[in-house]
Amino acid sequence: MSFALMILTGTLIDVCLGWPTALYTRIGHPVGWIGKVISGCDERLNHGGRNRRMLGGLLTVAVCLAVAVLPALALQMVLPDGVLGLCLGGLLAWPLIALRSMHDHVHAVARPLVAGDLVGARRAVSMIVGRDPAQLDQHGVARAAIESLAENTSDGIVAPVFWGVVAGLPGIVAYKVINTLDSMIGHRSERYEAFGKVAARLDDVANWIPARLTAGIFALAAGRNWRAAMQVVRRDAHAHRSPNAGWPEGAVAGALRIRLSGPRSYGNTTVSEPWLNAGAPDPTATDLMRALHLYRRAMTGMVLALLAIAVS
C-alpha cells in the first residue's frame with residue numbers, strides 16, 4: 001500500500017469535511033482520547049522527587065505510545081489491498097490531519113479583526129494561543145494568530161503528514177501522541193519540568209525535519225518573496241526559544257515582511273523573546289489575511305507534492 005496515497009486521501013477528506021461538530025459531539029476526537037490517557041498518567045505518576053517524576057514521565061510516554069500505536073499497527077496489517085484499503089486507511093488518518101480546522105480557527109480571528117472588532121478578535125485568538133488576550137492590541141492579536149498559524153502548520157499538518165508518509169498509520173499516530181504529550185506535559189513549570197522532560201525532548205526530535213520542511217513550503221509559496229523568507233530563517237530561526245518553531249515562523253515573517261515573536265504576556269508574567277525579522281513592521285489585520293492566503297498556497301503545494309510522491 002502507498003502510504004503517501006493513503007495520507008493524501010485522509011488530507012483530502014479533512015479539506016472537505018474538517019472534523020464535523022456532530023461527530024465531535026457524539027464521539028469526541030482521537031486527540032482527546034489520547035489526552036485522557038495522559039491526564040490519568042499525570043494524576044497517578046507525577047509526584048515525588050525529580051528522579052521519580054522523570055521516571056513517571058518516561059513511563060507515561062511508553063504507555064501512551066503503546067496504547068495508541070499498537071492498535072494502529074494492527075489495523076494497518078489487516079487493511080485490504082487496493083482502493084478499499086486506501087480509503088479505509090485514509091479514513092483512519094483523517095482526524096489526525098488538522099488542515100481545515102487550522103484555517104478555520106485563524107480565520108475566526110481575522111474576520112472580527114478586519115472589521116475592527118478587537119474584543120471579538122481577542123476572544124477568538126484566546127482559543128488558539130496561551131498568552132493573555134486582554135493585553136493584546138490589534139498588532140498583538142495579528143502577531144499571535146500568525147505565529148500560531150505558522151507553528152501549528154508544522155506541528156498539526158506537515159509533521160503528521162510527513163510521519164504518515166514515512167510509516168503509515170503507526171507513524172502518524174505515534175507523532176500525534178508525542179505532540180499531544182508535549183502540549184500537555186512538556187512545559188517548563190515546577191510541576192512538569194521533570195515529568196515532561198522526555199516528552200518535550202521527543203517532540204523536538206519528531207519535529208526537527210517537519211519544521212524545516214514547513215519553512216521550505218512557506219518559502220516556495222511566497223513566490224517572489226522566497227529569498228526574503230529564507231533569509232529570515234537563516235538569520236533568526238536559531239534565536240527562537242524552540243529549536244523548531246523559529247523555522248516556520250521565520251519563513252512566514254520573511255514572506256510577509258513583518259516581524260514576529262518578541263515579548264509576550266502570559267497572565268502576570270511577561271516573557272522577553274527576540275524578534276524574528278526585527279526591522280520589519282508589526283503585523284496588521286491585513287497581514288493576517290495575507291498569512292491565510294500564504295497558508296492556502298502552501299497547503300496546496302503540499303497536497304500536490306503528496307500526489308507526486310504517491311504516483312512516482
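How many aromatic pairs does the structure hold? The structure holds 3 aromatic pairs. Rings of Phe, Tyr and Trp (its six-membered ring) pair if their centres lie within 6.5 Å; planes under 30 degrees apart are stacked, over 60 edge-to-face, and the rest tilted. Take Tyr-192 and Phe-195: their ring centres are 6.5 Å apart and their planes stand at 45°, so this pair is tilted.

A word on the model comes next. It is a predicted model, in which local features need pLDDT of at least 70 and side-chain atom pairs count only at pLDDT 80 or more, while totals for chains, interfaces and linings use all residues. Residues are numbered from 1 along each chain as its sequence is written, and side-chain values use heavy atoms, with hydrogens and water left out.

Tyr-192 and Phe-195 are both buried. Buried means under 20% relative accessible area, exposed over 50%, and partly exposed in between (1.4 Å probe, protein chains only).

Now look at helix 1, residues 3-17. Helices (H or I, at least four residues) and strands (E, at least two) are DSSP runs, numbered from the N terminus. Helix 1 has 15 residues and reaches 21 Å from first C-alpha to last, close to the 21 Å expected. That expected span is 1.5 Å times one less than the number of residues. Its buried residues are Ala-4, Met-6, Ile-7, Leu-8, Gly-10, Thr-11, Ile-13 and Asp-14. They pack against helix 4, helix 5, helix 6, helix 8 and helix 12. Gly-10 has 0% relative accessibility. Beyond its neighbours within four places in sequence, Gly-10 is in contact (heavy atoms within 4.5 Å) with Gly-90, Trp-94 and Ile-97. Gly-18 follows helix 1, with a positive phi near 60°.

Helix 6 covers residues 99-114. Its 16 residues reach 23 Å, close to the 22 Å expected. Among its buried residues are Leu-99, Met-102 and His-103. The cover over the buried residues of helix 6 includes helix 1, helix 7, helix 8 and helix 12. Just after helix 6, Gly-116 takes a positive phi of about 85°.

Next come the charges. The whole structure has 8 salt bridges. A salt bridge is a side-chain nitrogen of Lys or Arg within 4 Å of a carboxyl oxygen of Asp or Glu. One of them joins Asp-104 and Arg-100, at 3.8 Å from N to O. These two are 4 residues apart in helix 6, so about one helical turn separates them. Asp-104 is partly exposed at 41%, and Arg-100 is partly exposed at 32%.

Glu-147 and Arg-131 form another salt bridge, with closest N and O atoms 2.8 Å apart. This pair links distant parts of the chain: Glu-147 is in helix 8, and Arg-131 is in the loop between helix 7 and helix 8. Both residues are buried.

Arg-259 meets Asp-282 in a salt bridge at 2.7 Å. Arg-259 also lies over the face of Trp-275, at 3.7 Å from the ring centre. A charge sits over a ring if NZ of Lys or CZ of Arg is within 6 Å of the ring centre and within 35 degrees of the ring normal.

Which ring does Arg-212 lie over? Arg-212 lies over the face of Trp-208, at 4.0 Å from the ring centre. Arg-212 is found in helix 9. It is buried yet has no salt bridge. The nearest side chain of opposite charge, Asp-204, is 9.0 Å away; Lys and Arg count as positive, Asp and Glu as negative, and His and the chain ends are not counted.
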